[in-house]
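Subject: Structure handover, aromatic pairs and nonpolar cores

Hello,

Here is the structure I said I would pass on. My notes on the aromatic residues and the nonpolar cores follow below it.

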Amino acid sequence: MKRIIGAVLVAASFVFAGSGLARADAPIVIKFSHVVADGTPKGRGALKFKELVEKALPGRVTVEVYPNSQLYKDKEEIEALQLGAVQMLAPSMSKFGPLGVREFEALDLPFILKDDAGFKAVTEGEVGKTLFTKLEAKGIKGLAYWDNGFEDMFANKPLLTPDDFKGLKMRIQSSKVLDAQMRALGAIPQVMAFAEVYQSLQTGVVDGTEGTPSNFYTQKYADVQKYLMVSNHNHLSYAVIVNKAFWEGLPADVRAALDKAIAESTSYVNGIAKSENEAAMEKIRANGKTQIIELTPGQKAQWIKAVAPVYTDMAARVGQDTIDAVTKATGFVLPK
Ligand code: LMR
């Protein structure tokens, strides 16, 4: 936190001068920080937003995109947003627990989103709206949800049944539900910033992790992970968020144009997420360094059985009402 405050003090003059709220003639600057590569659905979405905004509001608004944790890592970027050092982020839904907004973690319950329609039903319906209202008290405003498809499991040995997870150190995002999921499978979860994952896999600090093909490919995990299990056990979704005070302080016509750009970028990202991940999977296959393993229905059934206690164990944390609202939207039936 100390480091963040230091960075914020240094950055403050830029932000203040760049926000346009101080000087009428200076362009408003939106710093959009994220942790993944430009060539991912989120990376492309951030660049699309920049393109649309700068076309709609030439000279009035500039969007600076900082990919690959260049400015901040996962936890720090949320603090930086609250402090106003950056104006916009798109963290995954699994990263809001440390902020005290635990309901987002309901979407980390394994297998709870089974298809793209489920993602749409949840994020475009009541659940999506309710989750965003929980951020307001933290000085954050939610604008949209972006898709990055389904997550698979990566390791240096085949993970076919829960027995194969025993004793493996698996990197997870900062979600207690993901922690419970890995423990239920028999692994030892380790929370780690996305920026540190490659090196930790390389040096053996962790044995494996979970993620989408687009992140696997762009982070070059093929160099350090021999197996990719197509498990689709989780879904990686992002909340596009802004600093609330910054957003509400914008001139109304600027905010309206930004809203339009967000809506268009959202259709763009959610339209490419599936094909981008399929293309990434093909590149991983073609590269030949990582063996892609399809789980049999019997093996998948064993995973589902192993993680079943997580739904009840985590109900108090994420709220049974949130779980019920998600399952109502997706049609998912909780395994007993
Ligand atoms: C992760 O930390 O694994 C992901 O949330 C990274 C991302 O933003 O896609």
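A residue counts as buried when its relative accessible area is under 20%. Please keep in mind that this is a predicted model.

By that cut-off, F32 and F49 are both buried. The search of the whole structure gave nine aromatic pairs, and F32 with F49 is an edge-to-face one, with 6.4 Å centre to centre and 70 degrees between the planes. F32 belongs to strand β1 (residues 28-33) and F49 to helix α2 (residues 41-56), so their pairing ties together parts that are 17 residues apart in sequence. Together with W146, F32 and F49 form one aromatic cluster.

Another edge-to-face pair is made by F216 and Y221, at 5.7 Å centre to centre and with 85 degrees between the planes. Both F216 and Y221 are buried.

One lysine also belongs in the section on rings: K48 lies over the face of Y268, 4.8 Å from the ring centre.

Now the cores. The largest nonpolar core contains 57 residues, and F96, F104, L135 and M153 have the most contacts inside it. What is F96 in contact with, leaving aside its neighbours within four places in sequence? The residues are I78, P91, V101, F104, L135, A239 and I241. There is also a second, separate core, made up of 28 residues, with I30, Y238, W247 and L258 among them.

Regards

Methods: Residues numbered from 1 in each chain as written. Predicted model: local features only at pLDDT ≥ 70, side-chain atom pairs only at ≥ 80, totals over all residues. Heavy atoms only, no water. Phe/Tyr/Trp six-rings, centres within 6.5 Å; stacked < 30°, edge-to-face > 60°. Helix = DSSP H or I, 4+ residues; strand = E, 2+ residues; numbered from the N terminus. Buried < 20%, exposed > 50% of the residue type's maximum accessible area, 1.4 Å probe, protein only. Lys NZ or Arg CZ within 6 Å of the ring centre and 35° of its normal. Core = buried A, V, L, I, M, F, W, Y, C linked by side-chain atoms within 4.5 Å. Contact = heavy atoms within 4.5 Å.
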